[in-house]
Amino acid sequence: MRGLSFTRLCRFLKIPFPTHGQCGDGWLFRENSCYHISHDREEWASAEFMCHTMGGYLVEINNADEGHFLEHQVKLFNFSEGQTWIGATDILVEGDWVWADSQTSLSSRAYTNWLAGEPNNLGRNENCLSLFNSGLWNDEDCDTHFHYICEKQPIHELVTL
Ligand SMILES: [Ca+2]
Ligand SMILES: [Ca+2]
Ligand SMILES: [Ca+2]
């Protein structure tokens, strides 16, 4: 089987395969997603915009595994603001939390990891989702400047012969 690399096998089978550097510089690869922890601090809406300019979106935590991974990341970075923006909001309907990019509702069946007592909509003005450095969730004033986490899908090279 000399020379039958994974890449060549994919090519033979005409299936997509991950390229080298499938996330690009500055992105972490995990499972089927890439993650970028921002260097800058932005308001929530600007953070979402910045993620879009990088070909992604503000991270959506779809399950406990992804939640644990991101919890580990925010603990590592331990930002001085104490919180990091992620991609859900209840800005349209108070208390109705939605992942902004996929428009998926954080209904009772969805994975959540709120700190006890959150979301509390403090001052009736907390409509954006943040991670505390502990990894637990909080609703926060969307105009606050925090670091943020973008997510995007890895680049797969579609091989056609
Ligand atoms: Ca995700
Ligand atoms: Ca709210
Ligand atoms: Ca809160």
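Visitor: What is the phi of the residue that follows α3?
Guide: Helix α3 is followed by Asn-78. Helices (H or I, at least four residues) and strands (E, at least two) are DSSP runs, numbered from the N terminus. Most residues other than glycine have a negative phi. The phi of Asn-78 is positive, near 50 degrees.

Visitor: What pLDDT do local features need in this predicted model?
Guide: Residues are numbered from 1 along each chain as its sequence is written, while chains are lettered from A and ligands numbered from 1 in the order in which they are written. The model is predicted: side-chain atom pairs count only at pLDDT 80 or more, totals for chains, interfaces and linings use all residues, and local features need a pLDDT of at least 70.

Visitor: What span is expected for helix α3?
Guide: Helix α3 covers residues 64-77, which is 14 residues. The expected span is 1.5 Å times one less than the number of residues. From its first C-alpha to its last, α3 reaches 20 Å, close to the expected 20 Å.

Visitor: How many strands does the protein chain have?
Guide: From the N terminus on, the elements run α-β-β-β-α-β-α-β-β-β-β-β-β-β. That order holds three helices, and the strands number 11.

Visitor: What percentage of the residues count as buried?
Guide: A residue is buried if 20 or more other C-beta atoms lie within 10 Å of its own, exposed if 12 or fewer, and partly exposed in between, with C-beta atoms placed from the backbone. The protein chain has 161 residues, and the buried share is 27%.

Visitor: Which residues touch the most other members of the largest nonpolar core?
Guide: A nonpolar core is a set of buried Ala, Val, Leu, Ile, Met, Phe, Trp, Tyr and Cys residues joined through C-beta atoms within 7 Å. The largest one has 29 residues. The members that touch the most others are Leu-58, Val-59, Trp-85, Ile-86, Ala-88, Tyr-148 and Ile-149.

Visitor: Which residue of β6 is the bridge partner of Thr-89?
Guide: Strands pair if DSSP finds at least two bridges between them. β5 is joined to β8 by four bridges in an antiparallel arrangement, and to β10 by two bridges in a parallel one. Two bridges also join β5 to β6, which run antiparallel. There, the partner of Thr-89 is Val-98.

Visitor: Which residue of β10 is the bridge partner of Tyr-35?
Guide: β10 is mostly covered, with five of its six residues buried. β3 pairs with β10 in the antiparallel sense over four bridges, and strand β4 (residues 57-58) is joined to β10 by two bridges, also running antiparallel. Tyr-57 stands opposite Glu-151 in β10. The partner of Tyr-35 is likewise Glu-151.

Visitor: Why does Leu-106 count as buried?
Guide: Leu-106 is in the loop between β7 (104-105) and β8 (128-132). Beyond its neighbours within four places in sequence, it is in contact with Ala-88, Trp-97, Val-98, Trp-99 and Thr-112. Leu-106 counts as buried because its C-beta neighbours inside 10 Å number 20.

Visitor: How many C-beta neighbours inside 10 Å does Arg-124 have?
Guide: Arg-124 is also found in the loop between β7 and β8. Its phi is positive, near 55 degrees. Arg-124 counts as exposed because its C-beta neighbours inside 10 Å number 7.

Visitor: What is the omega of the peptide bond from Glu-118 to Pro-119?
Guide: Pro-119 lies in the loop between β7 and β8. Most peptide bonds are trans. The bond from Glu-118 to Pro-119 is cis, with omega near -5 degrees.

How values were computed
Contact = placed C-beta atoms within 7 Å.
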